[in-house]
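My entries follow in the order I looked things up.

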Amino acid sequence: MSMKKVAIVGAGLAGCLLACFLTRRGYAVELYERRPDPRSGKAERGRSINLALSERGLDALRRIGLDQQVMKDALPMKGRMIHPISGELDFQQYSADGERAINSIGRGALNNALLDATDARIHFDKKLVWLNAATGQMRFEDGSTAKADIVIGADGAGSAVRGQLLDQGLLQESLDFLDYGYKELTIPAAADGGWVLDPAALHIWPRGKSMMIALPNPDKSFTCTLFWPNGGTASFASLTSPAAIMRHFERNYPDVPPIAPTLVEDYQHNPVGLLGTVRCSPWHASGRVLLLGDAAHAIVPFYGQGANAAFEDVVELDRCLDATGDDWAATLRMFQERRQANSEAIAQMALANFVEMRDKVASPVFQAQKKLEHVLERALPGRYVSRYELVSFSTTPYADVQRRVRRQQQILGSVLGVGVLAAGALVTAALRSLTRRGNR
């Protein structure tokens with residue numbers, strides 16, 4: 001293999017992980033990041049959205065020996081804790097055995113760990129303003145230039161690399177934004193330094209057309225995220241005064257104001273972020289430029305799979321380089337062929353999970369369905385597996401998950417339809433059916 005110089009635009013999670021993989025393969029890698037070094041300054045206020053790191057992300061980290069270091073600060077969450085307006089809290093475990101967990105990880109801490117781990121040269125304060133896809137030449141806002149044999153855009157949903165390819169007519173894109181935004185709040189540790197909420201759960205306040213979630217942090221605080229409509233009543237646009245903000249929370253999230261002393265300040269000062277799905281094609285150009293992660297296929301965060309899917313992209317790109325003998329032109333084509341259907345599948349599932357989280361989790365019918373799913377998982381081990389377990393606790397390709405779940409839902413619908421007396425016989429029939437098909 002002749003040595004090639006690879007430029008990665010974007011030193012976020014995906015870009016840094018990719019740099020670790022490529023330097024391990026012997027490539028000379030340079031990272032270009034438009035922001036300052038996050039290790040020497042403050043992160044952007046209200047932009048973190050804690051990560052729910054699950055098996056796909058952990059699989060990628062294991063491959064570079066970083067999983068144990070990252071998991072030292074992880075907080076396992078074994079289920080959802082539902083906060084109704086009134087009444088008792090309701091814990092809904094994620095797995096049939098109650099033991100599997102997704103992991104709350106601070107985005108900044110993980111990014112810093114990956115920055116420290118890479119051997120690539122990192123250039124901060126380098127905002128890309130021009131790219132020649134045919135030659136790999138780049139120009140940055142400060143007037144500096146660079147050139148690379150391969151240029152990879154790992155620069156997020158608002159990718160400058162994708163923008164350059166779009167301007168040059170080298171791809172088409174679709175941006176589907178929700179009529180919702182997100183805003184972060186903070187629940188601090190208790191006065192005695194302890195937890196004010198259960199740290200072993202992802203907390204959800206489902207309110208029909210809106211919701212709030214909270215994930216635990218190692219300092220025993222919680223990062224909360226509001227997912228509210230951008231317009232209309234009870235929206236980000238309509239709630240602006242301190243009195244109106246407090247009244248809304250006291251009415252709709254009554255357990256929050258007593259434990260969130262900076263609630264109004266956070267609400268007024270933290271920005272409202274966009275929520276949407278990015279699709280584009282092709283993901284590559286001129287045999288030397290590639291889009292990866294959110295730059296190619298950003299999704300809404302409601303399955304906690306954005307970073308996990310981007311990490312899985314990195315693993316797949318590494319596999320493609322193995323398969324092609326480091327033929328980059330062939331690798332770029334193969335990468336899109338292998339990943340595009342999977343990225344579309346998780347985009348659809350993430351949108352569906354938004355409806356589930358805000359509308360359904362508090363429903364007795366939904367709760368009964370989930371309990372029945374766990375019964376089937378125990379009765380049909382390895383044959384009936386819930387969508388959540390397949391997405392979060394396996395590396396089964398997302399598109400395969402979607403197909404398998406459609407078949408399983410037919411069985412679940414039948415069980416719910418015939419009632420309890422016939423459920424046992426139907427489970428037996430389902431076992432025979434799935435055994436014949438191999439459930440693949």
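I began with D125. The model is predicted, so I treat every value here as computed from it. D125 is partly exposed, at a relative accessible area of 46%. I checked its backbone next: phi is positive, about 55°, although D125 is not a glycine. I placed D125 in the loop that runs between strand 8 (121–123) and strand 9 (128–132).

I then turned to S286. It also is not a glycine, and its phi is positive at about 60°. S286 sits in the loop between strand 18 and strand 19 (289–291). Is S286 buried, partly exposed or exposed? I found 47% relative accessibility, so S286 counts as partly exposed, the cut-offs being under 20% for buried and over 50% for exposed.

I looked up the cis peptide bond. It runs from S281 to P282, with omega near -5°. P282 belongs to the loop between strand 17 (273–281) and strand 18 (284–285).

Next, the whole chain. I noted 14 helices and 19 strands. The radius of gyration is 23 Å, close to the 22 Å that the globule rule gives for 440 residues, so the chain is as compact as a globular protein of that length. The C-alpha trace spans about 65 × 60 × 40 Å along its principal axes. How much of the chain counts as buried? I read 52% of the 440 residues.

I checked the contacts by sequence separation. Among contacts with a separation of 6 or more, 70% come from residues 24 or more positions apart. For charges, I noted 51 positive and 47 negative. Their mean positions lie 5 Å apart.

Then the cores. Nonpolar side chains tend to be buried together in soluble globular proteins. I found 66 residues in the largest nonpolar core. V6, I8, L22, L114, M138, I152 and W328 have the most contacts inside it. Beyond its neighbours within four places in sequence, L22 is in contact with V6, I8, Y27, V29, I152, L321 and W328. I also logged a second, separate core of 37 residues, which includes M77, A345, A350 and A399.

I went on to helix 2, residues 55–62. Why do I call helix 2 largely enclosed by the rest of the structure? Because 6 of its 8 residues are buried. I listed them as R56, G57, L58, D59, A60 and L61.

I picked out S392, in helix 12 (residues 387–392). Its relative accessibility is 1%, so S392 counts as buried. Which residues does S392 touch, leaving out those up to four places away in sequence? I wrote down S54, E55, I102, Y303 and Q305.

My last stop was F366, in helix 11 (residues 364–379). F366 is at 7% relative accessibility and therefore counts as buried. With residues up to four places away in sequence set aside, F366 touches R80, Q92, E356, K360 and V361.

Note on methods: Residues numbered from 1 in each chain as written. Predicted model: local features only at pLDDT ≥ 70, side-chain atom pairs only at ≥ 80, totals over all residues. Heavy atoms only, no water. Helix = DSSP H or I, 4+ residues; strand = E, 2+ residues; numbered from the N terminus. Buried < 20%, exposed > 50% of the residue type's maximum accessible area, 1.4 Å probe, protein only. Rg over C-alpha atoms; globule rule 2.2 N^0.38 Å. Contact = heavy atoms within 4.5 Å. Lys, Arg positive; Asp, Glu negative; His and termini not counted. Charge placed at Lys NZ, Arg CZ, Asp CG, Glu CD. Core = buried A, V, L, I, M, F, W, Y, C linked by side-chain atoms within 4.5 Å.
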